[in-house]
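Colleague: I would like to go through this model with you step by step, beginning with the whole chain and ending with single residues. Could you show it to me?

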Amino acid sequence: MSDSNASNSEQVISGGERGDHTAQLFWVTQNKNGVSHAADYVAADNGDHYKTTYEWTDDVVREVSRHGEQLQQGEVVPFETLLRFDTHGDAIYQRYRVDGKVFPLSQKQIDQYRQQARSVLKVTTSDHKQGVSLIQGYWNGQTFESCDGQVSHTLTYNHTVPASVIERLATSDSYIAFVGKRSKEAVRIETMLMFEDSHHECVTPLSDPEDED
């Protein structure tokens with residue numbers, strides 16, 4: 001469920017959720033002082049996608065850095081955001097660039113970034129307490145190999161997983177990302193997040209994913 005680093009006592013936990021039109025993958029790094037940083041990857045049904053890193057100090061979000069692509073006037077264009085906050089949580093630096101052009105962020109937009117940081121932490125912590133985590137990998141109809149190299153021969157499903165998804169899994173080689181749990185012999189899907197063809201790259205919190213569809 002989590003990865004620990006003995007040298008710095010850091011623990012990475014993961015989770016995610018499915019919105020009406022988005023898949024959201026989350027990672028949170030904790031140490032003895034609390035949360036140190038978090039990350040997300042969000043992919044929308046219209047093709048928009050982005051990756052964000054959130055830096056925390058003393059339970060305050062101090063930096064938000066986001067890079068991605070979005071649909072604008074029928075074209076896919078790159079965008080990036082960088083926000084820095086003081087110890088009280090007030091924004092002291094902002095940069096928002098879309099397709100090479102710089103735009104100001106409103107206070108409402110800045111507040112949304114802070115709220116998203118809190119949401120990543122809340123959802124991931126809740127998933128961890130429930131004993132589930134983000135799992136990614138490749139299913140070929142008989143074998144599931146996770147992105148960290150673990151192999152399972154059985155997939156089970158929460159009753160909320162649509163029958164159409166289960167049927168598609170039985171007939172195609174797929175990349176899947178989901179919130180779930182694994183035992184020695186099986187992997188259980190609680191919430192399906194992403195379902196792509198097998199060319200899709202595993203998503204990491206350290207670099208932008210590449211989709212080779």
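Modeller: The radius of gyration is taken over C-alpha atoms, and the globule rule is 2.2 Å times the number of residues to the power 0.38. Please keep in mind that this is a predicted model, in which local features need pLDDT of at least 70 and side-chain atom pairs count only at pLDDT 80 or more, while totals for chains, interfaces and linings use all residues. Residues are numbered from 1 along each chain as its sequence is written, and side-chain values use heavy atoms, with hydrogens and water left out.

Colleague: What radius of gyration does the protein chain have?

Modeller: For 213 residues, the rule for a compact globule gives a value near 17 Å, and the value for the protein chain agrees with it. The radius of gyration of the chain is 18 Å.

Colleague: What percentage of the residues in the protein chain is buried?

Modeller: A residue is called buried under 20% relative accessible area, exposed over 50% and partly exposed in between, using a 1.4 Å probe and protein chains only. Applied to the 213 residues of the protein chain, this gives a buried share of 39%.

Colleague: How far does helix H1 reach from its first C-alpha to its last?

Modeller: Helices are DSSP runs of H or I with at least four residues, strands are runs of E with at least two, and both are numbered from the N terminus. The expected span of a helix is 1.5 Å times one less than its number of residues. Helix H1 covers residues 107–129, which makes 23 residues, and its reach is close to the expected 33 Å, namely 33 Å.

Colleague: Is Ser14 buried or exposed?

Modeller: Ser14 belongs to strand S2 (residues 10–18), and, with contact meaning heavy atoms within 4.5 Å, Ser14 touches residues including Phe26, Trp27 and Thr124. Because its relative accessibility is 9%, Ser14 counts as buried.

Definitions and conventions: Lists of a residue's contacts leave out its neighbours within four places in sequence.
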